[in-house]
Amino acid sequence: MDIQNQAWPLIFLRPDGARFEVSIAAWQTMQGCIQHASSAAEAGGVLLGRHLRNGSAIIVDSVTVPMAGDRRARTRFHRAQRRHQAAIDAAWATSEGTCTYLGEWHTHPEPIPTPSPVDWADWRRRLLHDHYTEPLFFIIVGTTATRAWEGRRPDVIVQLTGLIPCV
C-alpha cells in the first residue's frame, strides 16, 4: 500500500501494546527526503519527541534532516554527531525537558525498506553506547512504504506493526 502521501500521522503498535506515533509535521519532513530519483542520496537524522505520561504512546514531534558534515551516498547515510546533537540539546532546552531523543531515521532507495547489515550494526551500537531513555526507535522510509523498529538494551530489536496504513 502506498502510504507516502498520507495526510495523517504514522502509527505503529509496540510490543507492549502502546503506540509509537510520528506526527504529521515529522512525517512530512521525512517525505521530502524520499529517494524517488535514481541519483538521490540517502537522507536521515534523529527522531525528537515525547513519552506520554500515561504510557499509552511515544510521539515523534520532529526530526532533523541531513546537515553539514553528514556523509550521504545512494545506499548509505552517516549522521555526523555535532550538529544533530545541538538540535537534540536545543529541543530539550526549549521544551523544558519534555522533548527528547527517541532514535534515528533514514531513507532507502527501495519500495519496502529492509535493514541492511550496516543498519543492524549501527542500531546495536546505539543501543549499547548512546545516552537515552529506553526504548530507541529506528525508522526507514522507502519509496512506497515506511517501517519502524523498537530497540532495547542490550540489543533486542523488533519490527513494529503499522496501524494506519503502514507496510
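Helices (H or I, at least four residues) and strands (E, at least two) are taken here as DSSP runs, numbered from the N terminus. The structure is a predicted model, in which local features need pLDDT of at least 70 and side-chain atom pairs count only at pLDDT 80 or more, whereas totals for chains, interfaces and linings use all residues. Residues are numbered from 1 along each chain as its sequence is written, and side-chain values use heavy atoms, with hydrogens and water left out.

On this basis the protein chain contains three helices and eleven strands, which follow one another from the N terminus in the order β-β-α-β-β-β-β-α-β-α-β-β-β-β. The radius of gyration of the protein chain is 15 Å, close to the 15 Å that the globule rule gives for 167 residues, so the chain is as compact as a globular protein of that length; the radius is taken over C-alpha atoms, and the rule is 2.2 Å times the number of residues to the power 0.38. The C-alpha trace spans about 45 × 35 × 30 Å along its principal axes. With contact defined as heavy atoms within 4.5 Å, residues 24 or more positions apart account for 65% of the contacts in the protein chain with a separation of 6 or more.

Burial was assigned from relative accessible area (1.4 Å probe, protein chains only), with buried meaning under 20%, exposed over 50%, and partly exposed in between. By this criterion, 46% of the 167 residues of the protein chain count as buried. A nonpolar core is a set of buried Ala, Val, Leu, Ile, Met, Phe, Trp, Tyr and Cys residues joined through side-chain atoms within 4.5 Å. The largest such core has 21 residues, and those with the most contacts inside it are F20, V22, M30, L47, V60, W105 and I139. Two or more residues are given to this core by each of β1 (10-13), β2 (19-22), α1 (24-31), β4 (57-63), β7 (100-107) and β8 (136-141). A second, separate core comprises 14 residues, among them Y132, F138, W149 and I157. When neighbours within four places in sequence are left aside, V60 is in contact with F20, E21, V22, S23, A26, L47, L48, G49 and L102.

Apart from residues up to four places away in sequence, R71 touches R76, F77 and H78. F77 and H106 are 29 residues apart in sequence and 7.3 Å apart in space, C-alpha to C-alpha; by contrast, R71 and G55, which are 16 residues apart in sequence, are 36 Å apart in space, C-alpha to C-alpha.

Two loops carry backbone features of note. In the loop between α2 (81-94) and β7 lies E96, a residue other than glycine whose phi is positive, near 55°; E96 is exposed, with a relative accessible area of 74%. In the loop between β9 (146-152) and β10 (156-159) is P154, which a cis peptide bond with omega of about 0° joins to R153.
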